[in-house]
Amino acid sequence: CTQNPTSGEEYRRGWHPEKYIPTQNPDTPILVIGAGPAGMECAMVLGLRGYNTVHLMDANSEMGGHLNWVTKMSGFGQWKRVIDWRKTQIQSKTHVVFNGGAYLEYQDILEMGAEHVIFATGSAWDTTGLSPATRDIIPGADASQLHICTPEQYLIEGKTLGKRVLVIDNDAYYMGSAMALTLAEKGHDVHYVTHNEKLGPYLRYTLEEQRTYEALVKNGVKITSNHLVTSVENGTGELVSLWFGENRQVEFDSVMLVTQRMSRCAIYDQLLETPDDVEAAGIKSIHLIGDANCPGMIAQSVFSGSRLAREFDTENPGEFQPFIRERRLLNSTEADYELGARAIRP
């Protein structure tokens with residue numbers, strides 16, 4: 001489903017993995033901001049549908065978004081195929097123009113001349129320790145301090161960490177364990193703590209759980225689950241057991257925060273708040289997709305980009321088109337379960 005967003009949607013939405021409905025408006029100028037998984041997928045599908053005035057722009061010089069640094073972590077090299085396949089399709093089969101190294105501000109977007117603007121600007125790991133487990137920040141977890149760090153600060157900015165690293169994982173997928181393994185392989189003494197019952201619960205569904213657990217143990221990572229980190233101050237992490245309410249302490253030199261991702265959508269919000277400027281610029285619609293809309297898995301970002309592009313000719317592409325539900329209504333007929341039938345419309 002990461003590579004093929006039509007998986008499971010062939011019947012429900014009538015999507016084909018290799019066939020695209022040609023657009024009736026090929027010369028409509030479209031601007032896609034952000035060349036991560038969502039933006040690349042969206043631009044690619046728009047191009048394959050016959051839109052020939054699509055500009056894909058990104059602040060970085062290369063396509064790929066966060067996958068450009070994620071794929072450099074131990075065991076994630078194969079994830080680069082998400083970038084490579086879409087990049088090849090864009091360059092060889094579409095008229096999409098990619099402009100890298102272009103950071104667009106509010107005024108730049110208004111002056112681009114696009115009729116439709118699609119934001120796929122992604123997300124970033126929170127620097128305050130804001131946790132979905134408590135809906136509050138973790139006292140002491142301020143990544144502006146030298147000894148507190150986020151994945152981007154470590155892998156992109158090169159922030160230096162001490163010998164003993166406490167990895168706080170309030171996510172439910174791969175990043176917490178991936179950072180723990182990366183740090184352990186570089187010689188750090190790593191203590192991985194999560195409030196989940198096990199490390200990255202979703203890893204079981206992607207068949208990565210056993211391999212990940214074995215790699216962490218092999219590299220000496222200490223794993224503590226079912227514990228919530230309540231503070232990280234003065235070199236001590238305060239933990240509380242979710243089962244028994246017991247408190248314990250963990251000593252550290254540095255902290256790696258894998259708590260919660262925050263959408264990058266400030267300019268999108270600004271445009272929504274200034275409709276007069278948008279109308280004067282000739283912009284007819286603004287859209288938000290992928291992690292910029294709601295941080296999630298790569299598969300969800302890819303689906304988000306593909307869905308918008310496939311339904312872009314509809315009256316309101318920002319809203320999902322009705323699809324066929326698997327469960328039938330009482331007294332329904334086969335005609336009620338064809339795409340476009342009144343029975344499946346809201």
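**Exercise 1. Packing around α3**

Find which elements the buried residues of α3 pack against in this predicted model.

*Solution.* Start with the helix itself: α3 covers residues 81–93, 13 residues in total. From first C-alpha to last, α3 reaches 17 Å, close to the 18 Å expected at 1.5 Å a residue.

Next, pick out the residues of α3 with under 20% relative accessible area. These buried residues are V82, I83, R86, Q89 and I90. They span an arc of only 140° around the axis, so they sit on the same side of α3.

Now look at the other side of α3, where Q91 and S92 are exposed.

Finally, list the partners. The buried residues of α3 pack against α1 (37–48), β2 (54–57), α2 (67–70) and α10 (298–310).

**Exercise 2. Nonpolar cores**

Work out which residues have the most contacts inside the largest nonpolar core, and trace the contacts of L46.

*Solution.* Begin with the size: the largest nonpolar core has 56 residues. Inside this core, the residues with the most contacts are L46, V70, I118, V167, Y174, M175 and M256.

Then take L46 and set aside its neighbours within four places in sequence. What remains in contact with L46 is I30, V32, Y51, V54, I118, A309 and F312.

To finish, note that there is a second, separate core, with 20 residues. Among them are A114, F119, C265 and I283.

**Exercise 3. The largest pocket**

Determine how much space lies in the largest pocket, and which residues are closest to its centre.

*Solution.* The volume comes to about 1,100 Å³. For the lining, collect the 50 residues that surround the largest pocket. Closest to the pocket's centre are H66, T121, G122, S123 and R264.

Now sort the lining by element. At least two residues each come from α1, α2, β5 (123–125), α5 (151–155), α8 (266–272) and α10.

**Exercise 4. The largest cavity**

*Solution.* A handy idea to begin with: rolling a probe the size of a water molecule over the atoms shows where empty space is left.

Count first: there is 1 cavity of 30 Å³ or more.

Then list its lining: S74, G75, F76, Y174, S177, A178, L181, L203, E208, R211 and T212.

Last, assign elements. Both α6 (175–185) and α7 (209–218) supply at least two residues of this lining.

Methods
Residues numbered from 1 in each chain as written. Predicted model: local features only at pLDDT ≥ 70, side-chain atom pairs only at ≥ 80, totals over all residues. Heavy atoms only, no water. Helix = DSSP H or I, 4+ residues; strand = E, 2+ residues; numbered from the N terminus. Expected span 1.5 Å × (residues − 1). Buried < 20%, exposed > 50% of the residue type's maximum accessible area, 1.4 Å probe, protein only. Arc of directions from axis to C-beta. Contact = heavy atoms within 4.5 Å. Core = buried A, V, L, I, M, F, W, Y, C linked by side-chain atoms within 4.5 Å. 1 Å grid on protein atoms, 1.4 Å probe; cavity = no way out; pocket = protein on both sides within 12 Å on 5 of 7 lines; lining within 4 Å. Points joined across faces, edges and corners; volume = space filled by probe spheres on them.
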